[in-house]
Each structure stands twice: as C-alpha cells, then as structure tokens.
Amino acid sequence: MNETTAKPTAQDERLRHTSWIAQLMKRPELGALSGLAFVTVFFALTADPVMFSLSGILNFLSPAAQVGILAIGASLLMVGGEFDLSVGSMVAFAGLVFGATVTVLDMPLFVAVLVTMLTAIAIGATNAQIVLRTGLPSFIVTLALLFILRGLALVGVKWATGGSTQLRGIADRVSEDPLLPFLAGDAFSGFFQWLADHDVIAKFPNGAPMAPGVPIELVWFLALTAIATWVLLRTRFGNWIFASGGDAAAATNSGVPVRRVKTYLFIITACCAALVAVITVLDAGSTDPRRGFQKEFEAIIAAVIGGCLLTGGYGSAIGAFLGSIIFGMVMIGLTYTRIDQDWYQVFLGGMLLIAVLFNNAIRRRVTGER
Amino acid sequence: MTAPIVRMEAIEKHFGNIIALAGVSFDVVPGECHCLLGDNGAGKSTFIKIMSGVQRPSAGQIFVEGQPTTFRNPREAMNAGIATVYQDLAMITLMSVTRNFWMGREPTKGWGPFRRLDVKNAERITIESMRSMGINLREADQAVGTLSGGERQTIAIARAVHFGAKVLILDEPTSALGVRQTAKVLATIDKVRKRGVGVVFITHNVRHAMAVGDRFTVLNRGRTHGTAKRGEITAEELQNLMAGGQELEALEGSLAGTV
Ligand SMILES: Nc1ncnc2c1ncn2[C@@H]1O[C@H](COP(=O)(O)OP(=O)(O)OP(=O)(O)O)[C@@H](O)[C@H]1O
Ligand SMILES: [Mg+2]
C-alpha cells in the first residue's frame, strides 16, 4: 500500500496483469479443476481408451449430469449458508407425484410437470419456513424431511399402485406428448447423424452414430450451470446469496432480504430435485421409492469438491459442475479399468477429504486469516 | 438552528428484565456532528440500532423531518436517509470490497430477466470513493478479510457517504484504530459534515469527541443528562458525566489526573 499512493492508476493496472496466477489461486473452482485434471490423467493411464471416445464421454457425463443438477441447487444453497439433506428423498417423492399424476390421474405431461414443480416449491418453502422460523440448523430440519419424504414415497407408491413397490407405465402414457423431447432422450440427434454421415464422429456399420445425441439431462445440466453462474456472479440476487451465507446479520443490517433469499434457495434446490425426478422417471419409464437414494450426499460432495465452504458464503456453480463430472467419471470410469468397482466409495471419500482440506486453505488465503 | 433531520423522543428499550435504555431523547441537525458518549454497556449501540431500524423501541417516538416514523427494518431507515456504520462494520470478510460496498443496493443495468450487476461501474465507483477517502485499493475484488481495520472502517464510511446519507451514524469508528488512522477518520467525519450530512459519532473517547463534536450527549446506564453544545462543556465534565459523577473524581485522586 505504500508505493501505490504515488502512482495509483499505473500501479493498479500493472498489478492486474501480473497477478493472474494469484487470481486463479483464489478461485473457488481451483480445487475441482485440479481434481478433474488428476482424475482425467488417472483414467487416461488406467482405463480402456473407449472411455474417452465421444460415446464414452457422454456415457459418464450422463450420470454426472443427474448428480450435477442436484449439485447446482445444493451449491447455491450452500453458498447461501444452508444445507438440504432431503434432496435425495425429494427425487423419490417428486417421482411419485409425477408418476401418479400421469398414470393415476391420466394427465398430460405438462400438467404432471407443473404439479411436480408446485409440489417441490411447497416442500422447499416448508423446509425454509421451518429453518427460518425455528432458527434450527438446516442440517437437522432437512434430515427429518429426508425420512419423511422417503416414507411418503414408500406409502404413496403402494397407494398409487394398489400395493406394489413400483409405479410402472409412465413413459408409455406420454410417449406422444409434444413436451417429451425436452425431458427425455437425446438432443441434437439430427446433428449427430449429420456428423456421422460426414465421418466426423464414429458410427456403427449401419450408419447410425455411436453416440446418438446429447443426453437431455446433460443439456439441462449445462444450462443450469450457466444460469446459476451468471446469477451468482452477475446479478443482485447473487450478491445477496453470498451475503446471506457470509454473515446473515451483517447482510440484514445492510438491507439484504436474507429470509427471502434463503427461501428461494430452498425452493430452487427442491425444484432441481424435481427436475431430476422427472427426467430419470421418464428415462426409466417407471418409478420406485428408492429413486434418488443417497443423492443428497453425492450432491453435497460434488458441491464441496467444487469449492463450497460448509460454513457458507463461498463457492461456485462451475465448481459444482466440475465436481459432478469428477463424480460421473469415477463412478463409470472404474468399469473401464481392471480396478474393482467397490473402490468407488473409497475414492469418493478420499476426494471429499482432500477437497475439504483444500477449501480450508483457500479460505484462509482469501480472508487473510492465519 | 435548523430543524433536526431525525429526532428521538424518550426512547426506551428493554431486553427481558434488563433495561438498556430508560427514556433517551436525541436529535441531529444537518451539517453537525453530534457525539453520543458513554461507557461500556451504557446503551449506545442499542440506541443507534433503534435509530437505524435494526431494533424497535419498547417505548418512545422517532421523528424523521418532523414526521412520526417507525422503521420495521434497516432498509426502511436506509431509505429515509439514515446510514449506519456498525461497531462490527457489517462487513463480510469472504466477499470482495466492491461486493461489500454495494451490498443491499447493487447497481444494475439491463431489463427484466436480463437485469444484471453493473460490474464495471460498481468497481470504478468503489475504487474512486475509496481513493477520495485516502485508500488505494490493490484490486476491487480483493476480499475484505485481507484489509486492515482502518481500511474496513473507511469502506463502510465511504459507502454510506456515497449513498447520500442525510444522517451518518458511526458506532465507535475509532476504537480499534491507531493514531494516524484515527486522525484520518476524524478528518473524514469533518468532510462528511461539511457536505451537510448530520453525523452521529459514538465513542467513549472524550478527546476524539472534542476534536470534531458540535454537540455532546452522554449516556450513562441507559439514561442521559441532556445535551451540551460545543464550548458549554469541558472534556473533564464530559468524562465525569460518562463515569457517573463522583466515582471518577475519587479515581482521579489516586491516579493523579492521568485518566
Ligand atoms: N440483545 C440483547 N439482549 C440482552 N441485553 C442486551 C442486548 N443488547 C444489549 N444488551 C444490554 O444492554 C446494555 C447496553 O448495551 P450496548 O451494546 O448498547 O452498550 P454500548 O454503550 O454500545 O457499549 P460498548 O461501549 O461496549 O459498545 C448492556 O448491558 C447489554 O448487555
Ligand atoms: Mg457498542
């Protein structure tokens, strides 16, 4: 600060150019980026090269996207200073609501999606109201919801099917629906066919491309990551999210509507879970109460690997995006290697631990804490 | 004398059976620095939290430009032109200087769903405001956690001034600062006052108060003994009022006037 007084402008500019490495070192995504590089190198060395062919990549990006859509919601909520452990059960419950609206009530797809989203909004708002009114940690409140929603999904599926544990025939009912291409199957399949015709991408002997298109969940995942990043970094609401999670009292004192922000975040998280429910139910054609089992942990782990602090106020959607890709890569990648699949959880836990230690160090650097 | 911008009448505040304020009256006119003095726990912070809408009085009335007003939240007080720099600064260490500067009233551009932060302007104005207060930021996106206490204080004052506060409340802005930084803050108070802002300067340091104050109100255990104008009261008298009279005289005897 001593020399800057003399020629402030010149000094500012020079610093901005020279310190981009230092800038990068401060980004919340740094850990996830290094993690992704590590995992990529690891599988490049150990896995069948098919893994990194176009169809192989889409093959692991698809489960990554399913976790990722949840992780985007989870990361926004974590930056806002709260947790939601009920997202996995929310997927099951929303899947039931969606399936039952289609099969039992025989409604068109758009009504079913609307009903599912309204349910998610109601449950997200309920989570938020309980947390905000009682002042209890969201951890414990949403843990209760984890069990309640899972139980309701169990009971509900039995009710909707007259005693069965699986609600079938959902996809058949809506197979002609004009909304279906936005929620199921592959996007850009025409383009992929064109690429295959021109020998840009690999194809089967009959001329069909090996990768039929971009899985629709991946399109949603990319879009949501982009929107969430834009909201966090470039909008007023984004600033309010950081402020609410960084220090709710200071934010309130500065005029940030913290309660409203947190309510919206709980609702967004629940809606992400509902979206995953709709997409995966349509994909499977049926739903059962085990849908989304333990997804809450996977989403939170992806968010943490992506640089979200457990204490709130810091994190990024791009980080959660990268964290989710690491997730999909490890989950699917092991099947391309000779490594026993059961190492998956060890790997994941290890990544989480490293990420938490790393994030802690980053936070110290950013806040100047010793 | 001009009409007060804010007038507080017989304000009381109870926390359960603790009486933090027992009927305090206070006002601020444009362009003055009104010092609110008092020892630890006298109720200064509580009083200005009521003034800035963070807490509601148990009894008493607030008038803004003559109109009886109740603030349901800090935003309403801010909209009425009352800006506050809290003792704890209400600053978020993980966030950048710019994000803190604009927190709660971020500048936007664009329309409808494309309304977004005006980042360029936000950063430029932040850097300029900080420079006008004598602090050159290394980067506008530097985290507040990396700044010194004096620098943080300056952001808080700069931002309140920038938002055109009619009343600027400073809760012990100098208590954590060294001599040079204190002098800077006092000079800043003078600057702000000359722009016609009414400054409420809370401190328990009589010398700091005497340096810039136009009027002085002393709080003692939730009560006040009225308000004195500059020149009507000496530093010793203020000191005595703060300590509640005789106690300090007794002390002074044993300490030989070093307090
Ligand atoms: N939220 C609260 N609940 C209960 N008691 C409180 C609360 N806030 C303040 N008090 C009490 O009210 C009294 C006045 O506190 P206040 O913070 O206003 O003092 P102060 O003059 O600002 O002191 P300092 O110089 O230490 O900042 C204290 O006795 C304090 O314990
Ligand atoms: Mg105080």
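The shell around ligand 1, made up of residues with a heavy atom within 4 Å of the ligand, divides into four nonpolar, seven polar and three charged residues; Gly is counted as polar here. The model is predicted, and local features require pLDDT of at least 70, whereas side-chain atom pairs count only at pLDDT 80 or more. Residues are numbered from 1 along each chain, and chains are lettered from A.

Among the 14 residues around the ligand, Asn40(B), Gly41(B), Lys44(B), Ser45(B) and Thr46(B) come nearest. Two or more residues of the shell are given by each of strand S2 (18-28) and helix H1 (44-51) of chain B, with H1(B) giving the most, three residues. Helices (H or I, at least four residues) and strands (E, at least two) are DSSP runs.

Strand S11 (residues 215-220) of chain B is largely enclosed by the rest of the structure, because six of its six residues are buried (under 20% relative accessible area, 1.4 Å probe, protein chains only). S11(B) pairs in the parallel sense with strand S3 (residues 33-38) of chain B over five bridges, pairing requiring at least two DSSP bridges; Gly38(B) stands opposite Leu219(B). Five bridges also join S11(B) to the antiparallel strand S12 (residues 223-229) of chain B, where Thr227(B) is the bridge partner of Thr217(B).

Key:
Side-chain values use heavy atoms; hydrogens and water are left out. Buried means under 20% relative accessible area, exposed over 50%, partly exposed in between (1.4 Å probe, protein chains only).
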